[in-house]
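Work through the exercises below with the sequence and the structure at hand. Each task is followed by a solution in steps.

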Amino acid sequence: MARALRETDVVSRLRAACKEAGGQARWASAAGVTPQYVSDVLLGRRAPGDAVLRPLGLERDVRYVARRPVEVAIYDEHGVTLLTAEML
């Protein structure tokens, strides 16, 4: 299984690909997207979609993971713990 990337990793790959292509406009033209879209992704204004991911050899894979429990407590007016529990 391939290592999962963060969005910052994808942006780094896009930045490197643009540099290799000779600039954002050239990379955008080759990928069939607008230079503004590439700029927005690089600046974090938009998330990279399929039109950006595919030329980079990537695809989006959404994961859902179990939440970690949070400990909560109830105290009396003197600060004595009356009850503790884990909340999901």
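This is a predicted model: local features need pLDDT of at least 70, side-chain atom pairs count only at pLDDT 80 or more; totals for chains, interfaces and linings use all residues.

**Exercise 1.** State what percentage of the residues of the chain count as buried, and describe the exposed area.

Solution. Step 1: with buried set at under 20% relative accessible area, 23% of the 88 residues qualify.
Step 1: the chain exposes about 7,200 Å², and 50% of this area comes from carbon and sulfur atoms.
Step 2: turn to contacts between residues at least 6 apart in sequence; 29% of them join residues at least 24 apart.

**Exercise 2.** List the secondary structure elements in order.

Solution. Step 1: count 4 helices and 2 strands.
Step 1: along the sequence they give the pattern α-α-α-α-β-β.

**Exercise 3.** Classify the packing of helix α1 against helix α2 and name the residues in contact.

Solution. Step 1: α1 covers residues 7-21 and α2 residues 24-31; their axes lie 7 Å apart at an angle of about 100°.
Step 1: angles of 65 to 115 degrees count as roughly perpendicular, so α1 is roughly perpendicular to α2.
Step 2: α1 contributes Leu 14, Ala 17, Cys 18 and Ala 21, while α2 contributes Gln 24, Arg 26 and Trp 27.
Step 3: sorted by class, this contact of α1 with α2 holds 5 nonpolar, 1 polar and 1 charged residues.

Key: Residues are numbered from 1 along each chain as its sequence is written. Side-chain values use heavy atoms; hydrogens and water are left out. Axes are lines fitted to C-alpha atoms, for helices over the stretch in contact, and angles run from 0 to 180 degrees between N-to-C directions. Angles under 35 degrees count as roughly parallel, over 145 as roughly antiparallel, 65 to 115 as roughly perpendicular and the rest as oblique. Contact means heavy atoms within 4.5 Å. Ala, Val, Leu, Ile, Met, Phe, Trp, Tyr, Cys and Pro count as nonpolar, Asp, Glu, Lys and Arg as charged, and the others, Gly among them, as polar. Buried means under 20% relative accessible area, exposed over 50%, partly exposed in between (1.4 Å probe, protein chains only). Accessible areas come from the Shrake-Rupley method with a 1.4 Å probe; for residues, only the protein chains shown count as cover.
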